[in-house]
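Subject: Structure for you to look at

Hi,

Here is the structure I promised. Please open it alongside these notes.

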Amino acid sequence: MWDFFETVRHRHSVRKYQQRGIELEKLHAILEMACAAPSAGDLQAYHIVVVARKQDRQALCEASDNQDFVAEAPISLVFCADPERSAQKYGERGAALYAVQDATIAAAYSQLAIVAAGMASTWVGAFDEDKVRALLELRPSLIPVAVVSLGYPAELPEPTPRMQLEEMVSYR
Ligand SMILES: Cc1cc2nc3c(=O)[nH]c(=O)nc-3n(C[C@H](O)[C@H](O)[C@H](O)COP(=O)(O)O)c2cc1C
């Protein structure tokens, strides 16, 4: 088992996957970890769609600028913000900000759980919202904000650089 810091360091965007299926228990554990993320008022103002059928993966790929790995990954998770749910308690700020934050934190947690489960993923932001909404038959109020494609890795990408902490952080 990797400790948390190793897990974070081992997360790289992987865009080539083995054609090996994902065990249901692992998928369940990953979804549990996504839903363990914090959310404004504990409202969990998001919805997650598991896309596994081949024709849906292909359609999701086409809706995502034809990024091939989206079709090749055995599963993609589509994280959708639910602004209506957050607005019930937090009004406009909940609808405009918290729901998107809730959904993206859940997606980030899922990426770490995927690594801990021995797999890899890529966050996909380049997709046509309306096409994804239509494909997944989402209710109109849901906003798809992130696609996380996952599977057993078939490549080990070079680590990507990060800016120095001094450039990113200030202290007062
Ligand atoms: C908001 C967001 C949108 C992204 N969209 C895409 C995408 O559409 N296609 C893709 O291949 N990678 C996408 N990525 C992955 C980034 O390219 C990747 O995280 C970044 O280059 C750092 O590399 P690493 O994930 O290996 O550390 C996205 C990441 C984020 C957070």
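A residue counts as buried when its relative accessible area is under 20%. Keep that cut-off in mind for the first residue below. Also note that this is a predicted model.

Ser149 first. Ser149 sits in strand 4, which spans residues 143-151. Its relative accessible area is 0%, so Ser149 is buried. What does Ser149 touch, leaving out residues up to four places away in sequence? The list is Tyr17, Phe69, Val70, Ala73, Ile75, Ser76, Ala120, Ser121, Thr122 and Val124. With Ser76 there is also a polar contact between the side chains, at 2.8 Å. Val70 is 79 residues away from Ser149 along the chain, yet their C-alpha atoms are separated by 6.0 Å.

- Ser13: a polar side-chain atom lies 2.5 Å from an oxygen atom of the ligand.
- Thr160: an N or O atom of the side chain is 2.9 Å from a ligand oxygen atom.
- Arg162: a polar side-chain atom lies 2.9 Å from an oxygen atom of the ligand.

On its own, the ligand has 620 Å² of accessible area, and the protein covers 61% of that.

Best wishes

How values were computed: Residues numbered from 1 in each chain as written. Predicted model: local features only at pLDDT ≥ 70, side-chain atom pairs only at ≥ 80, totals over all residues. Heavy atoms only, no water. Helix = DSSP H or I, 4+ residues; strand = E, 2+ residues; numbered from the N terminus. Buried < 20%, exposed > 50% of the residue type's maximum accessible area, 1.4 Å probe, protein only. Contact = heavy atoms within 4.5 Å. Polar contact = N/O pair within 3.5 Å; in protein donor to acceptor, adjacent residues only side chain to side chain. Areas by Shrake-Rupley, 256 points an atom, 1.4 Å probe, with all protein chains shown as cover.
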